[in-house]
Amino acid sequence: MAELISYDEAIDTAYDIFLEMAPDNLEPADVILFTAQFEERGAAELVETGDDWQEQVGFEVNKETYAEVRVGLVNEQDDVLDDVFARLLISRDPENKFCHALWKRD
């Protein structure tokens with residue numbers, strides 16, 4: 001198996017995928033809100049990989065090989081990512097590229 005990409009690289013890759021897919025998967029108001037607020041409050045952060053991914057992707061998710069990244073807006077009072085626009089599961093194995101996104105649904 002190839003060397004796994006770093007968590008920072010996984011965050012960058014997930015964020016690039018988010019930006020590319022957001023206009024097709026978010027409500028227009030959410031895209032406008034995210035774009036307007038990103039400079040001050042936007043964040044893409046690594047979180048502990050959720051146990052619910054297996055039912056989403058149909059296979060057992062190895063938490064060493066896959067990373068979960070959440071993209072959204074941070075609450076200015078307590079620096080918590082409280083408006084999540086997408087959860088992305090991304091493979092850290094460069095030979096097995098994979099990403100699955102769960103989008104915000106109102």
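**Salt bridges and nonpolar cores in a predicted model**

Asp83 is buried, at a relative accessible area of 19%, and here buried means under 20%, exposed over 50%, and partly exposed in between, with a 1.4 Å probe and protein chains only.

A word on the source: this is a predicted model, in which local features need pLDDT of at least 70 and side-chain atom pairs count only at pLDDT 80 or more, while totals for chains, interfaces and linings use all residues. Residues are numbered from 1 along each chain as its sequence is written, and side-chain values use heavy atoms, with hydrogens and water left out.

Lys104 also forms a salt bridge with Asp30, the closest N and O atoms being 3.3 Å apart. Asp30 lies in helix 2 (residues 28-41) and Lys104 in the segment after strand 4 (99-103), so this pair ties together parts that are 74 residues apart in sequence. Asp30 is buried, with a relative accessible area of 7%.

The structure holds six salt bridges, and another of them joins the side chains of Arg87 and Asp52 at 2.9 Å, N to O. Here Arg87 belongs to strand 3 (residues 80-91), whereas Asp52 is in the loop between strand 1 (42-47) and helix 3 (53-57), 35 residues apart. Arg87 is buried at 15% relative accessible area, while Asp52, at 26%, counts as partly exposed. Both take part in a network of salt bridges that links Asp52, Glu68, Arg70 and Arg87.

Which residues have the most contacts inside the largest nonpolar core? They are Phe18, Leu26, Phe34, Val71, Phe85, Leu88 and Trp103, in a core of 19 residues; such a core is a set of buried Ala, Val, Leu, Ile, Met, Phe, Trp, Tyr and Cys residues joined through side-chain atoms within 4.5 Å. Helix 1 (7-25), strand 2 (66-75), strand 3 and strand 4 each supply at least two of its residues, and the largest share, six residues, comes from helix 1.

Methods
Salt bridge = Lys/Arg side-chain N within 4 Å of Asp/Glu carboxyl O. Helix = DSSP H or I, 4+ residues; strand = E, 2+ residues; numbered from the N terminus.
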